[in-house]
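I opened this entry to look up a few local features, one after another. My notes follow the structure.

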Amino acid sequence: MIFIKNGRIYTMAGDIIENGSILIKEGKIIEVGRDIIAPLDAEVIDAEGRMVTPGFIDAHCHLGMWEEGIGFEGSDGNEMTDPVTPHMRAIDGINPMDISFEEAYQGGVTTAVTGPGSANVIGGTFVAIKTYGNRIDDMIIKNPVAMKIAFGENPKRIYDSQKKSPMTRMATAAILRDTLFKARTYLEKKEKAEDPSKMPDYDIKMEALIPVLKKEIPLKAHAHRADDIFTSIRIAKEFDLDITLDHCTEGHLIAEHLSKEGKPAIVGPTFGNRSKFELQNKSFDTPRILNEAGVKIAIITDSPVIPLQHLSLCAGLAYNAGLPEMDALKAITINAAEIVGLQDRIGSIEVGKDADIVIFDGNPIKDIDSKTFVTIIDGKVVYRR
């Protein structure tokens, strides 16, 4: 057991608890509040008035898919030989031994939703993992958690260089529609088959898309520009699919429309240069404007674009641009958990949830010199300064 005492606890599920305590047992939170008595056999951590938060969550990154400090040998995020690769699985390309994992939990990030890049129209499945461990199978929270799709410049650029489709935004949309139609037909044939002899021939690509068609996982749509965002929504409606709007760089230009659509926005990476034309309207105002319009937002690093340990910095820069402090914190905790469908386990400090907890010297959203004091993942102290 672990007993945290004397903390300023941001539960993200209600009021801030001053001089509060948290009791952890067998990887779960079993008590939160004031005046809790520490069991005699508990390891006591005195927060000494420090800020205590749920572990931070990056709802869209590529942690472990592009390894630090090397090139092709550690580049496993894009299978750039076919624009349709739904059967690619992030779990088969992640190296949890990469130093970026250690840096992530030292920075307070305890969960990463990570997966393939945006070279392909359909890139493969994302997975939600804890950032501590040495075997990916033991780090999984949910797999798959989403199916990556991509619009805009990236698929065009990759396949134009190969002189094959898609070379236009029209072709990207057409390829996605065609594949979803084929997957739906494949599923219908499977469901209508009265005996094994009537089953369609096994197709690994179509099988991978069945959870999307059944709304067990959403499409995870890489879309920066406003027109690409609208195209992703249009296609999701045509096939009655769930979708998240990832990057959503021009979301602030169409906030009123997105509010009516009711789809969540996973915003970022906003820090850094405008490396391509579709990022020309990139702004830290985007989270605030979307939030004010009633769109549920998460803030991301898109690691390795921004190292994962700087997730709180990205939320802090959004706070500096006018996003309220609690909303900035929600964007990397409970909102992120809700958007990826994991709010029953992570994202807030509540009884029954995973004991993913971070203690900070200062406020990581407001104080550039704030440092992590302790990181706990699944009830285990994985970092102590």
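I began with a strand pair: β6 (residues 56-61) and β7 (residues 109-114) run parallel and are joined by four bridges. Strands pair if DSSP finds at least two bridges between them. In this pair, D58 stands opposite A112 in β7. Six of the six residues of β6 are buried, so the strand is largely enclosed by the rest of the structure. Buried means under 20% relative accessible area, exposed over 50%, and partly exposed in between, with a 1.4 Å probe and protein chains only. Helices (H or I, at least four residues) and strands (E, at least two) are DSSP runs, numbered from the N terminus.

I noted the ground rules. This is a predicted model, where local features need pLDDT of at least 70, side-chain atom pairs count only at pLDDT 80 or more, and totals for chains, interfaces and linings use all residues. Residues are numbered from 1 along each chain as its sequence is written, and side-chain values use heavy atoms, leaving out hydrogens and water.

Next I looked up D246, which is in strand β11 (residues 243-247). D246 counts as buried because its relative accessibility is 0%. Which side chain makes a polar contact with that of D246? I found the side chain of H60, at 2.7 Å. A polar contact is a pair of N or O atoms within 3.5 Å; within protein, one must be able to donate a hydrogen and the other to accept it, and residues adjacent in sequence count only if both atoms are side-chain atoms. Leaving aside neighbours within four places in sequence, D246 is in contact (heavy atoms within 4.5 Å) with H60, K220, A221, H222, A223 and I266.

Then I checked the backbone. Most residues other than glycine have a negative phi, and most peptide bonds are trans. I listed some exceptions.

- The bond from G268 to P269 is cis, with omega near 0 degrees. P269 is in the loop between β12 (265-267) and α8 (285-292).
- The bond from S303 to P304 is also cis, with omega near 15 degrees. P304 lies in the loop between β13 (297-299) and α9 (311-320).
- E26 is not a glycine, yet has a positive phi of about 50 degrees. I found E26 in the loop between β2 (16-25) and β3 (28-33). E26 counts as exposed, at 75% relative accessibility.
- K163 has a positive phi too, near 55 degrees. K163 is in the loop between α3 (153-160) and α4. At 65% relative accessibility, K163 counts as exposed.
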